[in-house]
Amino acid sequence: MKDKIRELLGKLGGLPVAVDTLADSADLYAAGLSSFASVQLMLGIEDAFDIEFPDHLLNRKSFASIDAIAETVSAIVEGREAA
Amino acid sequence: MDMQVTFLDRLFDSGLLIDTGVEGLYARSGTFEDVITGFERLIDKFSGETGAEVIRFPPGMNRSYFEGSGYMKNFPQLAGTVHCFCGDDLAHADLIQCMAAGEDWTGGQKASDIVLTPAACYPLYPIVAKRGNLQAGGGLFNIQSYCFRHEPSMDPARMQLFRMREFVRMGKPADVMAFRQEWMEKGKELMAQVALPVDIDVANDPFFGRAGRLMKNNQRDQNLKFELLIPITSVSKPTACMSFNYHQDHFGKTWDLKTVDGETAHTACVGFGLERIALALFHHHGLDPKLWPREVRDALFG
């Protein structure tokens, strides 16, 4: 899952640095992820994993790092977070 | 809602606002305009922003600037575009026929180069960016424009065409943030001069759709927008009469706006909703300005 997230981040994140240089725990906002890009990333992730983020997870924390995104996606996929 | 309708009816009955048959589109009386003029004069006297470049915009802006601003990504539901007839004699005859028959005559209208200005500072950034790098110390602007937002409402404080007065600061992040911080204090002091009760709270713009939910939450999490709220038609939901916005490098990046050192400029703006402030004054002090408390009259008309 994290490979897919990295791929989407590279394509949609508009980061000034290569995604390979970022650790899973790296702060994506510090790495240059803008609000606009986080929206594109959110839509890309929904499409790729066939999920829909519930409103209460549409926040800055959910996209703060690759780890955070993976945790959020897992929670939605496993039904721990109802839409 | 009842309170909104009642206040709107009182404004119509007193002649301060004049009904046009469209919600949120009103003509203003001389008395209403005197209050706006008085408040704008008070802003100038009070602001201390004496070095600001004064610019007054018409209610429309260059469509290509509007497109470049990204407004349609975030607020497509609020935008208004100007479309015009560009056809020949035959098309004109069709148009007249459709109109006479009460059918839709607007299908052939073509987009013009003008879009209704959605916020007073939107036309400013590309104009300033075209001049080249900002000077040392950054930029400071005193602007005003009629603005359009497509949100028909019976709430007189939610007009579709209204005036927004702004101070806009451009430059280094620390300077821009300090400007916004100072204005949050100054805004409270300014409203105290006209005896209006205020509250300041974190806020978000009305971003569209589900993607907009994320934008709203991001904006709040980062404290990018604050509003000065005054009860007008509701005590539980007071009306935003001023806003204090830090755009970070959003407009700087969008328009390639640079500081004197060639860094991407940061921007902030402080906005006054002039009609809303006038309505707050009428709501709190009564519909006849001649009967307003002396200190309020002195501040506005002295």
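Chain B splits into domain 1 (2-80 + 118-301) and domain 2 (82-115), with bounds that come from an automatic or database domain assignment. Keep in mind that this is a predicted model, where local features need pLDDT of at least 70, side-chain atom pairs count only at pLDDT 80 or more, and totals for chains, interfaces and linings use all residues. Residues are numbered from 1 along each chain as its sequence is written, while chains are lettered from A and ligands numbered from 1 in the order in which they are written.

**Where the domains meet**

The centres of domain 1 and domain 2 of chain B, taken over C-alpha atoms, are 34 Å apart. Six residues of domain 1 of chain B are in contact with four residues of domain 2 of chain B; contact here has the C-beta atoms, placed from the backbone, within 7 Å. On the domain 1 side, β4(B) gives the largest share, three residues. (Helices, H or I with at least four residues, and strands, E with at least two, are DSSP runs numbered from the N terminus.)

**The sheet**

Now for an open sheet of seven strands in chain B, with mixed pairing and the order β3-β7-β8-β12-β11-β10-β9. Two strands pair if DSSP finds at least two bridges between them. Which strands sit at the edges? They are β3 and β9 of chain B, each pairing on one side only. β9(B) runs antiparallel to β10(B), and four bridges join them. One bridge partner to look for is B:Glu227 in β10(B), which goes with B:Asp201.

Here are some strands of this sheet:

| Strand | Residues |
|---|---|
| β3 (chain B) | 53-56 |
| β9 (chain B) | 199-202 |
| β10 (chain B) | 225-230 |

Helix α10(B) packs on the sheet, touching β8, β10, β11 and β12 of chain B, and its direction makes about 40° with that of β12(B). Such angles run from 0 to 180 degrees between N-to-C directions, with axes as lines fitted to C-alpha atoms, for helices over the stretch in contact.

**The cores**

A nonpolar core is a set of buried Ala, Val, Leu, Ile, Met, Phe, Trp, Tyr and Cys residues joined through C-beta atoms within 7 Å. Buried means 20 or more other C-beta atoms within 10 Å of a residue's own, all placed from the backbone. The largest core has 64 residues, and B:Cys121 and B:Ile277 are among those touching the most other members. Helix α10 (residues 274-285) of chain B provides the largest share, seven residues. Another core, of 20 residues, lies apart from it and includes A:Ile5 and B:Phe207.

Key:
A residue is buried if 20 or more other C-beta atoms lie within 10 Å of its own, exposed if 12 or fewer, and partly exposed in between; C-beta atoms are placed from the backbone. Two residues are in contact if their C-beta atoms, placed from the backbone, lie within 7 Å.
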